[in-house]
Amino acid sequence: MTDRSSCRAEPAVILGGWLRQMLLVLALFSMPISPAVAEHHGHLTLGVFSYRPDYSTEQRFQPLARYLSEATGQKIELQVLNHEDMRAALSRNQLDFVLTNPSHFLVLRSERSLTGVLATLIERWGSHETSSMGGVIFTRSDNTRINELQDLTGARVAISGPRFLGGYQAQARELQNVGVDADRDLVLLSVGHQDGVIEAVISGQADAGFVRTGLIEDLADASRLRVDRLKVINSQDLMGYPFRLSTRLYPEWPFVALPHVDGRIVRSVASALLALDGEHPAAKASGIAGFSPPADYQSVELMARNLRASPYDQIPTLSWAEFWEQYRYWVSTTALLILLLSLAACWLWYQRYTMARQQRLAATVFAHSREGVFITGPDRRVIDVNEAYTEITGNPRDSMIRHIIRFSEAGDEEAILRVAREQGFWTGEFWSRRANGESFACVLTISSVFSERRQLTHYVGVFSDITALKEQEQRLRRLAHFDPLTGLPNRVLLADRLHQSMALALRQRSRLALAYIDLDGFKAINDAHGHKAGDDLLVDVARRMRDVLRDQDTLARLGGDEFVALIVDSPGRDLVDGLLRRLLAAAAEVILVGGTRLQVSASIGVAFFPQQEDLDADQLLRQADQAMYLAKQTGRNRYFVFDHEQERSIRSLHAQLEHLKEALEHREFVLYYQPKVNMTTGAIIGAEALIRWQHPEHGLLPPSSFLPLMAGHPLLLQLGEWVLEEALRQHQVWRELGYHVPVAVNVDSEQLASDHFMAHIRHLLERYPTLQPGALTLEILETSALENLGKTADIIRQCKALGIVFAVDDFGTGYSSLNYLKQLPAAELKIDQSFVRGMRDDPDNLAILDGVIALSRAFRRSVIAEGVETEEHGTMLIKLGCLLGQGYFIARPMPAADFPDWLASWRVPDAWRLAAERVSLP
């Protein structure tokens, strides 16, 4: 089998050939064009060397000649010539250009001066393209005697002629490599052309044949040959090469210009050849993929020299000057090799020295690492542990050596080590137990160490005590799933239970009811008696309503005075009616708060599931919400069951959506910008784009008056795309004015889930190519991010690669877990303004703020607080470690035109600077 690496020419020869080609190309394109050169009269002639029957070669390359005629404006005629006819035509100067095989090119170059190779042919086969060729050695498939190159000794071999590279010389070179002399050891039968070679082998006139690559495939494609009748000898399996091959590869046919052709025409033809695309009709008709810049034909020359083939069949005399001229690259390469060997010896010494240093460093790291480290053998027996291991587990080092390691409280060490052995490592979290019996949480990574023979030699385990983080996660999970005031499930936990209950109802063919509860008169009590009385009232009402429900039912607080009761497994309407009446009675009981008798009532809207039409949890909740509003409108202190007749009211929604669509078309929407600042330095870190509707009749409308109407409607996606584009346009305007103000845009969950979201982002970046990384921030609600955490995380990573920053808005109102933060690679957390506003009066809000700020610091996230409405808010936030803020005290949302004036007038309050200085003190 031929060594494939041997098909590459020696580096020095390749370098020399490459330099000569570059000089040739430079000379070709630097030839001066005289204004006096006249148009070439008559026609030009392209001679193509014939290796197949003339009609076949002419049919193949006639489209190429027509293409060159059209591309250059010169009529180019095609002549298909054999070796002797081409030599005669050249001697009579009847040819202007030649397309021939590489070996024949060497002969022509030795006999007459040639301008050089203009381009190299690129063959096409199906979807493959190649500018390399070689030879195929084949015999009949039923020939059992010839299986290897050595078996050809004494065989009758059909060839097209000794001057063909792919038809003889490439194969002769491979035979030479295995000690077989083609001229001496083979019985050569010259049959004229290569189609005849295949016919001679199939008919039995010859035992084997030599043809160029691609011929067998061409004949098979033309249904003139059954491939299964042939067997390829010394088959080469080169990835990406489309043809059967027995030899190394050489450059494809060169396209050569004769010296007498005008330089302008030569350049025109060269340009046309290199411009020929594989999809051009001429290329397709010729079965080629075009032409590439001239290849390096040194490998062909070396092969001809080794074979002593023409024009190297005469042994030349060689002087010392000629020796240096011819072999200076070899001599230089040998000297360079000696130098490289010396450098390699120095490098090996340095490697050993470095390895020794690394081993000393590894021992130091092992001893002083604050993570616990243990090393075991394949049998799990401990070889060594570090000091941190003994501190974390409480097990002395001496008691662990040569004992079997046990690190999992569940006792699944074998399964963990099996994964580490198969995959190279295992990492995960689990609970373990200290020497005193105390449980602790840890994150462990076990790596397998293998010898050079891939035999397992050691296990290395590195672990950290994360008990404190787990406890913090539990506290945050409690805050994330339960209302801190009433202890009831919050919106996130309700959504989870509602999804599960709806799925269970469908499987068990049962019913559930969803009751949306709003307290009547609560706002008046809150305003009259204060937030403390209002909170006490909410806690008592929540407790009494929870008591009237069954254990399997859920009562959740959505916020303010709004609650939702999930009544599952309701066999009939009577059960639900009874529970609803008891809820109304419980909410209406008189409460004594601070010696004052307080009383509220409740309006309840109810929706049942399943229904005749499919609907999801959000739709069911909206139905209950609509029914609750009808209960309020019809007198309060009652419940109302959602009826599909209510859909009449939706008609008005469609009309409103049409108005919104017209507003978007008439550009009635505008963006206001609210600054985001560093409260300690006063630096402007960005501006959040907030949409408003400049209504022609009602004036400027806030987003709450129109965005809810668009929920679930395609118009919301169109509006979101407009906001993104308008914000980037304004950022560009500010940059041109000299203000570098990054912009932040809120992204709706529906917009984020759109299949076209990333395509639109990339389109905008193409429209604004000067946009700097970090100049655009996309803000998404925490609850929206949780709807499809995997997809959201993937989109954030894609945006991050484009230089776009992602922020989680209203952080703290959703499932703020460590796992959630770990999976969601957002760069910024925005604390919900409700926590900031209530931080002075509500210790729970202050605790949530402190926990979120600590969590952001632990996960290396930037944190910014919304709702900074007073100077005291900013002071308290700075003391907690939150330095970035946004709110009405800093600036209200403003038109873009007012932003430069605000920038000029903005100053940091002295109280904030003083708070920052005190925080920075040791």
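A residue counts as buried under 20% relative accessible area, as exposed over 50%, and as partly exposed in between. In this predicted model, Phe889 has a relative accessibility of 32% and is therefore partly exposed. Trp912, by contrast, is buried, at 0% relative accessible area. The rings of Phe889 and Trp912 form a tilted aromatic pair, with 5.4 Å from centre to centre and 55° between the planes. Phe889 lies in the loop between strand S35 (884-885) and strand S36 (894-895), whereas Trp912 belongs to helix H34 (residues 910-920), so the pair ties together parts that are 23 residues apart in sequence.

In total, 19 aromatic pairs were counted. One of them is edge-to-face, because the ring centres of Phe255 and Phe291 are 6.0 Å apart and the planes stand at 85°, an angle over 60 degrees. This pair links distant parts of the chain, with Phe255 in strand S13 (residues 254-257) and Phe291 in strand S14 (residues 288-292), 36 residues apart. Phe255 is buried at 1% relative accessibility, and Phe291 is likewise buried at 5%. Ring pairs also join Tyr673, Trp734, Phe899, Trp902 and Trp906 into a cluster.

Aromatic rings also meet charged groups. The charged end of Arg454 sits over the ring of Phe450, 4.2 Å from its centre, and that of Arg892 sits over the ring of Tyr888 at 4.0 Å from the ring centre.

Helix packing was examined for H18 (residues 522-529) and H19 (residues 531-548), whose axes come within 6 Å and cross at roughly 140°. The two helices are therefore oblique to one another. Their contact comprises five nonpolar, four polar and no charged residues.

Conventions. Residues numbered from 1 in each chain as written. Predicted model: local features only at pLDDT ≥ 70, side-chain atom pairs only at ≥ 80, totals over all residues. Heavy atoms only, no water. Axes fitted to C-alpha atoms, helices over the stretch in contact; angles between N-to-C directions. Helix = DSSP H or I, 4+ residues; strand = E, 2+ residues; numbered from the N terminus. Parallel < 35°, antiparallel > 145°, perpendicular 65-115°, else oblique. Nonpolar A, V, L, I, M, F, W, Y, C, P; charged D, E, K, R; others polar. Phe/Tyr/Trp six-rings, centres within 6.5 Å; stacked < 30°, edge-to-face > 60°. Buried < 20%, exposed > 50% of the residue type's maximum accessible area, 1.4 Å probe, protein only. Lys NZ or Arg CZ within 6 Å of the ring centre and 35° of its normal.
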